[in-house]
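Work through the exercises below with the sequence and the model side by side, and try each task before you read its solution.

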Amino acid sequence: MNHAFSQHRALIQRIEHLREHDARSLATTLRGTLGKDLSELGSTLHALRQHLGDASNCADLLRTLDSTAERAQEELRRLLHVIEPPGPADLGLVPAIERCV
């Protein structure tokens, strides 16, 4: 009975380890590709809007695109926080421990 319990516990730990690894991998991918692209999109749209000024009819469309890029970045940040909450490497050891308590 103890052996079966130990095996069950080891399996649960392995599954949790794999889940954490997958979450880190996904978060890294999202930050590295989608996050960078959205940031560049937002910066470029902002620069273009500044260049065109408000006299152009394009300014309203650019504001819409800029808002869309900002919403997408916020959603990405929210998802990244859900997938991989900040830990000691991001917050520091003491704040990370305080967050858990």
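Predicted model: local features only at pLDDT ≥ 70, side-chain atom pairs only at ≥ 80, totals over all residues.

Residues are numbered from 1 along each chain as its sequence is written, and side-chain values use heavy atoms, with hydrogens and water left out.

**Exercise 1. Describe how H1 and H2 are placed relative to each other.**

Solution. First compare the axes, which are lines fitted to C-alpha atoms, for helices over the stretch in contact, with angles from 0 to 180 degrees between N-to-C directions. The axes of H1 and H2 come within 9 Å and cross at roughly 160°. Then apply the angle classes (under 35 degrees roughly parallel, over 145 roughly antiparallel, 65 to 115 roughly perpendicular, the rest oblique). H1 and H2 are therefore roughly antiparallel to each other. Finally, sort the residues of this contact, which divide into 19 nonpolar, four polar and four charged. Here Ala, Val, Leu, Ile, Met, Phe, Trp, Tyr, Cys and Pro count as nonpolar, Asp, Glu, Lys and Arg as charged, and the others, Gly among them, as polar.

**Exercise 2. Locate the salt bridges and work out how the partners are spaced along their helices.**

Solution. Start from the general idea that side chains of opposite charge can pair when their charged atoms come close. The rule used here asks for a side-chain nitrogen of Lys or Arg within 4 Å of a carboxyl oxygen of Asp or Glu, and by this rule there are three salt bridges.

- Glu16 pairs with Arg19, their closest N and O atoms being 3.1 Å apart. Because Glu16 and Arg19 are three residues apart in helix H1 (residues 2–52), about one helical turn separates them.
- Arg77 pairs with Glu74, with 2.6 Å between the closest N and O atoms. Both lie in helix H2 (residues 58–83), three residues apart, which is about one turn of the helix.
- Arg78 and Glu75 meet through their side chains at 2.7 Å, N to O. These two also lie in helix H2, three residues apart, about one turn of the helix.

The last step is accessibility, where buried means under 20% relative accessible area, exposed over 50%, and partly exposed in between (1.4 Å probe, protein chains only). Glu16 is partly exposed at 34%, and Arg19 is partly exposed at 45%. Arg77 is partly exposed at 47%, Arg78 is partly exposed at 44%, and Glu75 is partly exposed at 37%.

**Exercise 3. Decide whether Ala23 and Leu62 are buried or exposed, and place each of them in the chain.**

Solution. For the background, 17% of the 101 residues of the protein count as buried. Ala23 belongs to helix H1 and is buried, with a relative accessible area of 10%. Although Ala23 and Ile83 are 60 residues apart in sequence, their C-alpha atoms are 5.6 Å apart in space. Leu62 lies in helix H2, and at 7% relative accessibility Leu62 counts as buried. Leu62 and Leu52 are 10 residues apart along the chain, with 9.6 Å between their C-alpha atoms.

Key:
Helix = DSSP H or I, 4+ residues; strand = E, 2+ residues; numbered from the N terminus.
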